[in-house]
Amino acid sequence: MTIAVAPANKPPAILTCRRWGWSEIGVTCEAYGEPPSICRVSSASRRRSLTVGAMWWSEDEWAALAAAEQCGMCGDAHLPANDHSALVVTTGTSHVRLARNQHHAGYCLVILREHVVNMTELSPTHLSAFWADVQRAARAIDEVFRSKKIDYLVMGHRMPHLHCHLLPQHATDDPLRNVNIADGPTYLPPDAFDTALAALQRAWASSGSSTEL
């Protein structure tokens, strides 16, 4: 995350991000494998905390980030396509999406349909269904892209809505390098992206069973 501090005369604002339809002012970040996006942040209170060794969000900022009312994933994770990903499938539990940044071929996200911030909030049944979707998505990715290994990343300190990144590693990737979902970006031509999406959808259909919508 790099700093673009808001002018001192700007009122405090809650961190939001264009990556999921958030608003703008203040900070740039690389989230969800996308190039830097303009984000909104309080001009005074965040100057101190957006530095090396910074403290966690303030209580108000974190409460706002975690609120369903301002959640970008709640707003567009169900859409067939947006600027950053396309829908592979929607199940009874999750939205599975193919990221437009295909620097790691097959990079997908599995996003819980319900607005939940922590896995601890899920019942065992709900949690099992979420991970079953992650597993099935991984099978589809492997079938289409023949990855060497898939890394599974559940973070959420910038976008708290529960989701898992599935970041495939291939023969050309350095296994000693730290994982970075912002690698690239590499955008496929529209026809190649659509072909990959359709192949994933077919692979999903043949890879197991879950409740699809």
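Is His95 buried or exposed in this structure? With a relative accessible area of 9%, which falls under the 20% limit, His95 is buried. The close-up views described below are taken from a predicted model.

View 1. His95 is a residue of strand E6, which spans residues 94–99. The side chain of His95 makes a polar contact with that of Thr90, at 3.0 Å. Leaving aside residues up to four places away in sequence, His95 touches Ala77, His78, Leu87, Val89, Thr90, Leu109, Val110, Ile111 and Arg113.

**View 2. The open sheet of five strands.** The strands follow the order E5-E6-E7-E9-E8, and their pairing is antiparallel. Strand E5 (85–90) and strand E8 (149–153) form the edges, each pairing on one side only. From one strand to the next, the twist averages 25°.

**View 3. Pairing of strands E6 and E7.** Strand E6 (residues 94–99) and strand E7 (residues 108–112) run antiparallel and are joined by five bridges. Ser94 has Leu112 of E7 as its bridge partner.

**View 4. Strand E9 between its two neighbours.** In the strand order of the sheet, E9 stands between E7 and E8. The antiparallel pairing of E7 with E9 extends over four bridges, and Val110 stands opposite Cys164 of E9. E8 and E9 are likewise antiparallel, pairing over five bridges; here Asp151 has Leu167 of E9 as its bridge partner.

**View 5. Burial of both faces of strand E9.** Seven of the seven residues of E9 are buried, and the strand is described as mostly covered.

View 6. Helix H4 (residues 124–145) lies across E6, E7, E8 and strand E9 (163–169), and runs at about 25° to E9. Helix H5 (residues 190–205) lies across E5, E6 and E7, at about 15° to E5.

**View 7. Packing of helix H4 with helix H5.** Two packed helices are described by the angle between their axes and the distance between the axes. For H4 and H5, the angle is about 125° and the axes are 8 Å apart. The two helices are therefore oblique to each other, and their crossing is right-handed. From H4, the residues in contact are Asp133, Arg136, Ala137, Ala140, Ile141, Glu143, Val144 and Phe145. These meet Ala196, Ala199, Leu200, Ala203, Trp204 and Ala205 of H5.

**View 8. Asp76 in helix H3.** Asp76 belongs to helix H3, which comprises residues 72–76. Asp76 counts as buried because its relative accessibility is 11%, under the 20% limit. The side chain of Asp76 makes a polar contact with the side chain of Asn82, at 3.5 Å.

Terms used
Residues numbered from 1 in each chain as written. Predicted model: local features only at pLDDT ≥ 70, side-chain atom pairs only at ≥ 80, totals over all residues. Heavy atoms only, no water. Buried < 20%, exposed > 50% of the residue type's maximum accessible area, 1.4 Å probe, protein only. Polar contact = N/O pair within 3.5 Å; in protein donor to acceptor, adjacent residues only side chain to side chain. Pairing = 2+ DSSP bridges. Axes fitted to C-alpha atoms, helices over the stretch in contact; angles between N-to-C directions. Contact = heavy atoms within 4.5 Å. Parallel < 35°, antiparallel > 145°, perpendicular 65-115°, else oblique. Left-handed = near helix turned anticlockwise from the far one by under 90°.
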